[in-house]
Amino acid sequence: MKRLGISNKPLMIVPNHLVQETAKSFYELYPNANILIANKDDFQKQKRRIFSGKITTGEYDAIIMAHSSFEKMPMSKEIEEQHINKQIYEIEVAKQNIKNRSTVKQLEGAKQRLQKRLKILLDSKQKDNVINFEETGIDYLVVDEAHLFKNLMIQTKLNDVAGVTGANSQRASDLYMKTEFLLDKQNGKGVIFATGTPVSNSLSELYVMMKYLEPHILEKMGIYSFDEWASTFAEVTNSLELAPSGNGYRVRQRLSKFHNLPELMSIFRMVADIKTKEDLNLPVPQIKNGKPTIIALESSNELEEYMQEVVKRSEEIQRGNVDPKEDNMLKISSEGKKAALDLRLVDSTLGETKNSKARAVAEQIYKNWIEGKEQKLTQVVFCDLSTPNADRFNVYDEIRKILIEMGIPENEIDYIHNSKTDIQKTKTFQKVRDGDIRVFLGSTNKMGAGTNIQDKLKVLHHIDAPWRPSDIEQRERKNIKTR
């Protein structure tokens, strides 16, 4: 874009752990490029203004920074005030068409939060005297792994319908404000999203992508809100689903079908260049036996007793006998998943139970470690429901302890959590690619997207299944590559 004169100062934002990896890849393609790379330290309070000044006064082929650093680039008070007032107005318009008291109450709560945020903004002084985003001269924004910004607030009367996200993250709101500014400034251009999973958990996420990238096109078509989009392109259906407690079924309304799909895709393809696996035909390695190997373990007596207790708790909640602050279905679901992984995650006083998943995983890792010893083949282990912690039981340290007892050298086992800085992560990833680290453990959040460590990779272990299918896709898409 810089070479063709499309952009004067493009900014690329990537997941926090990929800043150095992205810069390295950029230099491999363009060895003489003039790139400004933002490290985590550059956005500390005392350095922020200096770095913003570099962006503003310099001429760069690209600026590369982390998602979290991008959030620390403020917009001016005037633009942020306009943005918040626009959101408040959209809520007022949505309320006029909604009769459901619960939904109105939710919208009113969102409005009050925005008003509070607006008051804080108007009463505050300019932080750190930092240069505003619109003053830096950035005219094009490239967002890698754009699905991480999907939790954008939408006003809708379908809040009680499954498949409609009610989330509202500050990160997504900040990105929307900046993309809106660039699209207005660049006459509908100036923003590029890249993701392998634009729709990861609900149909409403496609609307969010369209709202980010083509708001002007939607408005030209007379679509000013999510409800207008949903009435045209989506359908609410009734379906029988397993209850969260696992005890019985329930009927649930869900936004689960697209309507007028050819027309919807025609609009989306105005801004989307879609490539499927079949289109790309990448030479990825074949999975052994053509499908994932599932290792099922019988539940212990202790786990079965705990799950019966979970069912009783859920029944009490459904009867309305429990204060939501004390117990709720989200808490039950979370604790139930942890218990299925290892009971010690919910009760650290217990010992190792029969058919421990940690031991079963360790045995599989050791078997593959022996088989790949001569070639120094590596293994990646994913676990989201536990975190390394020296002060309490966790699955990471348990697996590591068992592996060392079996005979795997301690220096060949590592966690993504041990690499705190971008430079440390880059060095660790290289050790995995070289086979010096042969068992590498991490979470979807820290290691699922963009972790290029597949050179000697033999096996992926998924200890716990994530909530969203896209998380499995991200884990495998980023690790099972050509080798």
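Begin by selecting Asn289, which is exposed, with a relative accessible area of 68% (exposed is over 50%, buried under 20% and partly exposed in between, with a 1.4 Å probe and protein chains only). The model is predicted, so local features need pLDDT of at least 70 and side-chain atom pairs pLDDT 80 or more, while totals for chains, interfaces and linings use all residues. Residues are numbered from 1 along each chain as its sequence is written, and side-chain values use heavy atoms, without hydrogens and water.

Asn289 has a positive phi of about 65° although it is not a glycine, and it sits in the loop between helix H11 (277-280) and helix H12 (301-318) (DSSP runs numbered from the N terminus, helices being H or I of at least four residues and strands E of at least two). Most residues other than glycine have a negative phi.

Next select Lys376, another residue that is not glycine and has a positive phi, here near 55°. Lys376 lies in the loop between helix H14 (357-371) and strand S8 (378-382), and it is partly exposed, with a relative accessible area of 34%.

Stay with helix H14 and select Tyr366 and Trp369, which are 3 residues apart in that helix and therefore separated by about one helical turn. Counting ring centres of Phe, Tyr and Trp (its six-membered ring) within 6.5 Å as pairs, with planes under 30 degrees apart called stacked, over 60 edge-to-face and the rest tilted, the model has 13 aromatic pairs. Tyr366 and Trp369 form a stacked pair, at 5.9 Å centre to centre and with 25° between the planes. Tyr366 is partly exposed at a relative accessible area of 26%, whereas Trp369 is buried at 4%.

For another aromatic group, select Tyr207, Phe226, Trp229 and Phe233, which form one cluster.

Centre the view on Met65: leaving out residues up to four places away in sequence, its contacts (heavy atoms within 4.5 Å) include Leu11, Val19, Phe43, Ile55 and Met73.

Finally, select Ile79, Glu80, His83, Lys86 and Gln87 in H4, which meet Ser173, Tyr176, Met177, Glu180 and Phe181 in H6.
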